[in-house]
Amino acid sequence: ERNLAAGRGAKVAYLDDAGACTYAELGERVNRFGSGLRALGLRMEDRVAIALLDTIDWPTAFLGAIKAGIVPIALNTLLTTKDYEFMLSDSRARALLVSEALLPAFAPLLGKLPFLEHVIVSGADAKGHRAFKDVLAQGGPQLAAAPTTCDDACFWLYSSGSTGTPKGTVHVQSTLVLTAELYARPILGIRESDTVFSAAKLFFAYGLGNALAFPLAVGATTVL
């Protein structure tokens with residue numbers, strides 16, 4: 001929203017395999033997805049799991065959930081069905097946002113998890129589940145930000161589990177902007193004129209900074 005206020009609405013925020021998405025388009029997508037989740041009955045502090053490949057749908061889902069006060073959980077897209085079963089059960093996620101190509105890894109779990117109520121699929125074929133585009137269509141172009149505080153839970157990332165069962169680490173609302181202001185600006189020197197490509201994917205903490213928090217903080221363009 002700072003970028004929109006600064007007049008960058010027509011500037012490209014993201015480029016992915018499907019094309020370009022401007023800051024104005026991203027802002028509307030975020031509002032539509034956040035309000036679309038609310039229309040499904042999700043409320044503040046409910047958790048939603050994100051198992052999406054790096055396309056414009058990833059920042060749409062992540063930021064839309066946060067703006068609605070819902071807590072997204074970024075899942076590694078390279079894990080096993082058993083890993084996903086643990087994380088979905090441990091987090092008690094009420095919704096799963098999943099790319100069509102990744103759906104087979106989750107298929108054996110659907111219907112078995114008592115807390116999971118909604119499966120939203122990004123891709124050409126939702127395979128009988130709710131389509132990502134339909135959630136966007138159900139939402140509205142305007143969304144008032146949830147009344148969260150700087151210390152409220154914002155999103156989860158799971159640890160690698162190298163010392164045992166992965167741990168769901170809770171990041172607060174101030175985390176993203178602090179990493180941008182204390183690292184991206186002064187250390188990386190990221191600027192509005194930059195085009196950013198991150199080898200680390202969005203579900204990684206560093207990829208989340210590289211391809212979301214850092215470029216959006218300064219109005220740069222990101223290639224996914």
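Arg185 is partly exposed, at a relative accessible area of 36%. Its salt-bridge partner is Glu181, with the closest N and O atoms 2.9 Å apart. Glu181 is also partly exposed, at 30% relative accessibility. Both residues belong to helix H7, which spans residues 175–188. They sit four residues apart there, so about one helical turn separates Arg185 from Glu181. These values come from a predicted model.

Across the whole structure, the search finds eleven salt bridges. One of them links the side chains of Arg94 and Asp46, at 2.7 Å from N to O. Arg94 lies in the loop between helix H4 (81–91) and strand E5 (95–99). Asp46 lies in another loop, between helix H2 (23–39) and strand E3 (47–51). The pair therefore ties together parts that are 48 residues apart in sequence. Asp46 has a relative accessibility of 16%. Asp46 counts as buried because this value falls under the 20% cut-off. Asp46 and Arg94 also belong to a network that includes Glu117. Salt bridges with shared partners join these three residues.

A further salt bridge pairs Lys127 with Asp125. Here the closest N and O atoms are 3.4 Å apart. This distance counts as a salt bridge because it is within 4 Å. Lys127 is partly exposed, at 46% relative accessibility. Asp125 is partly exposed as well, with a relative accessible area of 37%.

Technical notes:
Residues numbered from 1 in each chain as written. Predicted model: local features only at pLDDT ≥ 70, side-chain atom pairs only at ≥ 80, totals over all residues. Heavy atoms only, no water. Helix = DSSP H or I, 4+ residues; strand = E, 2+ residues; numbered from the N terminus. Buried < 20%, exposed > 50% of the residue type's maximum accessible area, 1.4 Å probe, protein only.
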